[in-house]
Amino acid sequence: MRRFAELLDRLVLTPARNGKLTLLVDYLATTPDPDRGLALAALAGDLDIPSVKPAMLRTLVTERMDPVLFGYSYDYVGDLAETISLVWPETSHEEERHDPRLSEVVATLQRAGRSDGPRIFADLLDRLDIPARFALIKLTTGGLRIGVSARLAKQALADLGGKEANEIEELWHGLKPPYLPLFAWLEGRAEKPASAALAMFRPVMLAHPVEDRDLETADPADYAAEWKWDGIRVQATGEGGVRRLYSRTGDDVAPAFPDLLEAMDFEAAIDGELLVGSPSATGSFSDLQQRLNRKSVSTKLATRFPAFMRCYDLLQVGGEDLRPLPFAERRARLEALMASLDPERFDLSPLVPFGSWEDLNARRMSPPHPVIEGVMLKRHDSPYIPGRPKGPWFKWKRDPFTVDAVLMYAQRGHGKRSSFYSDYTFGVWAGDEAAPELVPVGKAYFGFTDEELRQIDKYVRDNTIERFGPVRSVRADMKSGLVLEIAFEGLNRSTRHRSGVAMRFPRISRLRWDKPPAEADRLETLQALLPG
Amino acid sequence: MRARDLLHTRPEGLYCPPGDFFIDPVKPVERALITHGHADHARPGNGKVLATAETLDIMGIRYGEGFAGSMQAATLAEPMQIGDARVTFHPAGHVLGSAQIAVEKDGMRIVASGDYKRRADLTCTAFKPIACDVFITEATFGLPVFRHPDPVDEIARLLDSVRQFPERAHLVGAYALGKAQRVIRLLRDAGYGETIYIHGALAKLCDYYVAQGVDLGPLAPATIETGTKDQFAGAIVVGTPSAFADRWARRFPDPVACFASGWMRIRQRARQRGVELPLILSDHSDWDELTATITETGASEVWVTHGREEALVRWCALNGITAQPLHLIGYEDEGD
């Protein structure tokens, strides 16, 4: 349990993806079965253990210590799990306590019933040290939140066994914690586990962005074009009565979209974009946001913001794997299938006819719907290849919006950037034309080169007017200040920001050392971009 | 005699009228008794200074030889008379030279403990509980949440991370006096024999510890002249906490930011500072040690200073000991 606790603590504070991977692989390589599989399940959110209510925890701890001292402690720390892990009275000397295995702790929790739950939980806390108590409480209160995605966990498994992450993703949904056959295969002790599960995930095919010369040598006649919808990439799969809705990384997102799941009465695997509204009236991005990042959804919300799927590829029909077929053939099969699907929940992503790249470029720049972020190009003869092969598929995004803003605050970065002021809050002018003031409109921490980072860092240090911990307030008025050209993908209304706008995907596109801050943009410029 | 006639607070610090001296004054005074060399306790500009020989040396290193009008070295456990008060220095186990100061008159004994810890530390003399009527305790970590782990385990965590990330430099932030030397000494005790690189601000104090017989093993300045960036890959670099937020830190390859401090017990503290590997390593007593020490001194009254006074006062009340916060200003709440 101690090693698991240490892993959690390290993962939370390690900012870099590669650092997290190193920690995960090291843990998996040096921890025995079944503990490592259970740890993995805990990280991926697949561990089934009874949950514990915060109120019960509070009761347990205040039965054991002075409530006033507990109150001081909780006020100071601010996190209930952490406070309890720290103040829990030590019942025996450290040397007498042994370090139980994670599997032992999980088995104990799974045996606990409703009536003896609190006693069993308290006994466990008595046996653990501080970091392990913290891990236990976080596990059972369902809030690990340590910045490890399912994708990262699968990548760690792949690294452990020298495999491709796609292979793990394809297997994943047929496996159960503690994944013994998977580890046996990764360590070369057994054959690859057969994927026995119905409606398995098929790793998705991704597109490269169009770069400068990509289209020069490409023949427009070889490609089909579609609008690139800014929804969520999903894979809807039905097999033998089992229905699954996967995200592009193979996470099952069905619980958040029961309305769509209900309409999935087919034996097929369809690739497409999940959107909100209806096929005849696609909703806005902020409508879509209402349905994002939810574990479940109320009937009211599902009625107000119904989910539907815009289908663009067909990977499987019945027992037939279509992935080796060329795109044109898969597309024809998809068109044939569409007739049997619920037209309120599924529609076909239309092809965009074009004669030349110039022609397509013109369409790309003026898409017919605000949720379109560009066009997709797919070679007629391309099979469906997992990953991001170069050539068969391209995404050609609409050019971003840009605005000239003034640097207002800079915050020190993490990891490699911990000695640099690398996270920037910028603002535009608002209010009275004669005496305007800057209102913050966003924050960006990439888009610049290492050399530019050094320049901005120096500028920040030389022009600091106030410091608040890791944040510096930078001189920014009509006469002096650094103008940043900010690129962004779109704008939403926001009630959380004073400016009333929130940028999507802002990044720094140019440093405008040449531009006087008084000539930076005004808030009205941004407001004009807001959806009606 | 009443306790407050023997010691009470004044704006300059803790004052003893019978002996006409201050303990750790925050403003210059005629006669000062100093518990240890940390900057918030030992300040320059006093008339006469009485402290252990090591503390006087450390003040000389930090402030230059003329840091006070005159200096006198106190020998541990040897009582001396100052005016009408009897004064004895006893070891505090905080940093090299640190002492508690016992002040007595007419059968009343007050112990001003300064900062103290109870854990084993090979870089200084161990704390000794002194029986007294009034015990003045620090409260830097005076909350039940502060429970320091075994320093050996914390150093093992650091060495584990060095093994996991051999291509990165581990930068350990540690205060220049005491903590830095203790971290280095603990690494040596764990069998780490490699050269440890140190920030320039630590050099003189490390040299002094070595001269006092604390073996720190091979040390080298962490300057760019000692090698290329890659030479620091896999290395441990010790520096003051502020140095790592500075441009100085850029010479190291993809550094792992570590910080050796009792504050690292609280995750949010580590997060705010951008610390990747918090090492919970303190030169102060944790909650269990503070309360155990109060009991051991047998004091019937406790005065609580710098830190989280209210929790210790509450604990004393629950345990039938008279206690009050001593509102001394000028001591760093953050010190560790």
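Q: In this predicted model, which residues does A:Arg345 touch, leaving aside those up to four places away in sequence?
A: Start with where A:Arg345 is: the loop between helix H16 (327–338) and strand S9 (346–348) of chain A. Leaving out residues up to four places away in sequence, the ones touched by A:Arg345 are A:Asp259, A:Leu260, A:Ala263, A:Pro306, A:Ala307, A:Phe308 and A:Met309.

Q: Is A:Arg345 buried or exposed?
A: The cut-off for buried is under 20% relative accessible area. A:Arg345 comes in at 18%, so this arginine counts as buried.

Q: Which residue's backbone oxygen lies 2.7 Å from a polar atom of the A:Arg345 side chain?
A: Look among the residues that A:Arg345 touches, which include A:Pro306, A:Ala307 and A:Phe308. The backbone oxygen at 2.7 Å from a polar side-chain atom of A:Arg345 belongs to A:Ala307.

Q: How are H5(A) and H8(B) oriented to each other?
A: These two helices pack with their axes 10 Å apart and at an angle of about 170°. Angles over 145 degrees count as roughly antiparallel. H5(A) and H8(B) are therefore roughly antiparallel.

Q: How many charged residues are in the contact of H5(A) with H8(B)?
A: H5(A) brings A:Val68, A:Leu69 and A:Tyr72, while H8(B) brings B:Glu310, B:Ala311, B:Arg314 and B:Leu318. By class, that contact has five nonpolar residues and no polar ones, and the number of charged residues is two.

Q: Which residue follows H7(B), and what is its phi?
A: At the start of H7(B), a side-chain oxygen of B:Asp286 reaches to within 3.3 Å of the backbone nitrogen of B:Asp288. After the helix comes B:Gly298, with a positive phi near 70°.

Q: How are H1(A) and H9(A) oriented to each other?
A: Helix H1 (residues 2–13) and helix H9 (residues 130–140) of chain A have axes 8 Å apart and an angle of about 75°. The range from 65 to 115 degrees counts as roughly perpendicular. That makes H1(A) and H9(A) roughly perpendicular.

Q: How many nonpolar residues does the contact of H1(A) with H9(A) have?
A: On the H1(A) side are A:Phe4, A:Ala5, A:Leu8 and A:Asp9, and on the H9(A) side A:Pro131, A:Ala132, A:Phe134, A:Ala135 and A:Leu139. The tally has one charged residue and no polar ones, and the nonpolar count is eight.

Q: What is omega for the peptide bond from A:Pro177 to A:Pro178?
A: Most peptide bonds are trans. This one is cis, and A:Pro178 lies in the loop between helix H11 (165–172) and helix H12 (180–186) of chain A. Its omega is near 5°.

Q: What is the relative accessible area of A:Tyr179?
A: A:Tyr179 lies in the loop between H11 and H12 of chain A. Its phi is positive, near 55°, in a residue other than glycine. A:Tyr179 is also buried, with a relative accessible area of 1%.

Q: Where is the cis bond between A:Asp33 and A:Pro34, going by the position of A:Pro34?
A: The bond joining A:Asp33 and A:Pro34 is cis, with omega about -5°. A:Pro34 lies in the chain A loop between helix H2 (17–30) and helix H3 (35–44).

Conventions
Residues numbered from 1 in each chain as written. Chains lettered and ligands numbered in written order. Predicted model: local features only at pLDDT ≥ 70, side-chain atom pairs only at ≥ 80, totals over all residues. Heavy atoms only, no water. Axes fitted to C-alpha atoms, helices over the stretch in contact; angles between N-to-C directions. Helix = DSSP H or I, 4+ residues; strand = E, 2+ residues; numbered from the N terminus. Parallel < 35°, antiparallel > 145°, perpendicular 65-115°, else oblique. Contact = heavy atoms within 4.5 Å. Nonpolar A, V, L, I, M, F, W, Y, C, P; charged D, E, K, R; others polar. Polar contact = N/O pair within 3.5 Å; in protein donor to acceptor, adjacent residues only side chain to side chain. Buried < 20%, exposed > 50% of the residue type's maximum accessible area, 1.4 Å probe, protein only.
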